[in-house]
Each structure stands twice: as structure tokens, then as C-alpha cells.
Amino acid sequence: MRVRVTPPAALEIEEILVGLKQEAPQAASGLARRIDAILLRLRDFPETGVKTSEDGVRRVNLSPYRYLILYEVHQGEVVVHAFRHGARHPDELKVFGR
């Protein structure tokens, strides 16, 4: 299955990695590797994530990092909509503003 990261999600990932790289380069490198590993897992096992309260939206934790990937499976592809810190208030995790 194809994995597509939306431009807003790609920007969120980039901003987090750039900021983290300035403070902790090894952590940024580890997080980048973890993101890649999760995206590969989603390609092979798209139902891996936990269902959220938003219809069709799932989330996967990037443990041991405190970040989440929010995505949906749509027309034969995994669409990553958001990349967020897990400590953010749940209302801020809404992907489509519903």
C-alpha cells in the first residue's frame, strides 16, 4: 500500500526535527528513524493504529518518543494528516476540524 504524507504533516515533521536537532542531534536522528520505521509499518499493516473519535482517523504512537502520527486509509493508500506531540490537548489533535 502507498503511504502519502500531506504537506501540513510533512511541515510539522520537519519543524519538530529541525528544532530537536538544535537541542539534541542524536534524539532528532532517532526520531527520524522511528518515523521512517512507522511509515513502513503502516504501508504493510495500515490498520496498526488505534481508531480515534474522528471517523476513519487512526493514530499511532512513536514510542519511545512522545509523538503521534494521525492518518487514515483512503482509496488504497495511507494518508498521513498530522504529526503531533502526545502531550497536546486532545481537542488540538482534530485532523479535519470536525
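Colleague: Is Glu77 buried or exposed?
Modeller: Glu77 is buried, with a relative accessible area of 12%, where buried means under 20% relative accessible area, exposed over 50%, and partly exposed in between, computed with a 1.4 Å probe on protein chains only. This is a predicted model, in which local features need pLDDT of at least 70 and side-chain atom pairs count only at pLDDT 80 or more, while totals for chains, interfaces and linings use all residues. Residues are numbered from 1 along each chain as its sequence is written, and side-chain values use heavy atoms, with hydrogens and water left out.

Colleague: Which residue does Glu77 form a salt bridge with?
Modeller: Glu77 pairs with Arg2, their closest N and O atoms being 2.5 Å apart; a salt bridge here is a side-chain nitrogen of Lys or Arg within 4 Å of a carboxyl oxygen of Asp or Glu. Glu77 lies in strand E5 and Arg2 in strand E1, so the pair ties together parts that are 75 residues apart in sequence. Strands (E, at least two residues) and helices (H or I, at least four) are DSSP runs, numbered from the N terminus.

Colleague: And what about Arg84, who is its partner?
Modeller: Arg84 forms a salt bridge with Glu12, with the closest N and O atoms 3.2 Å apart. That pair links distant parts of the chain, since Arg84 is in strand E5 and Glu12 in helix H1, 72 residues apart. Both Arg84 and Glu12 are buried.

Colleague: How many salt bridges does the structure hold?
Modeller: The structure holds 5 salt bridges, and one of them joins Glu47 to Arg58, the closest N and O atoms being 2.7 Å apart. Glu47 sits in the loop between H2 and strand E2 (50-51), and Arg58 in strand E3. Arg58 counts as buried, at 13% relative accessibility.

Colleague: Switching to helix H2, which of its residues are buried?
Modeller: The buried residues of H2 are Ala28, Gly30, Leu31, Ile35, Ile38, Leu39 and Leu42. What covers them includes helix H1 (7-23) and strands E1 (2-5), E3 (57-61), E4 (67-74) and E5 (77-85), judged by contact, meaning heavy atoms within 4.5 Å.

Colleague: Is Gln75 buried or exposed?
Modeller: Gln75 counts as exposed, at 74% relative accessibility.
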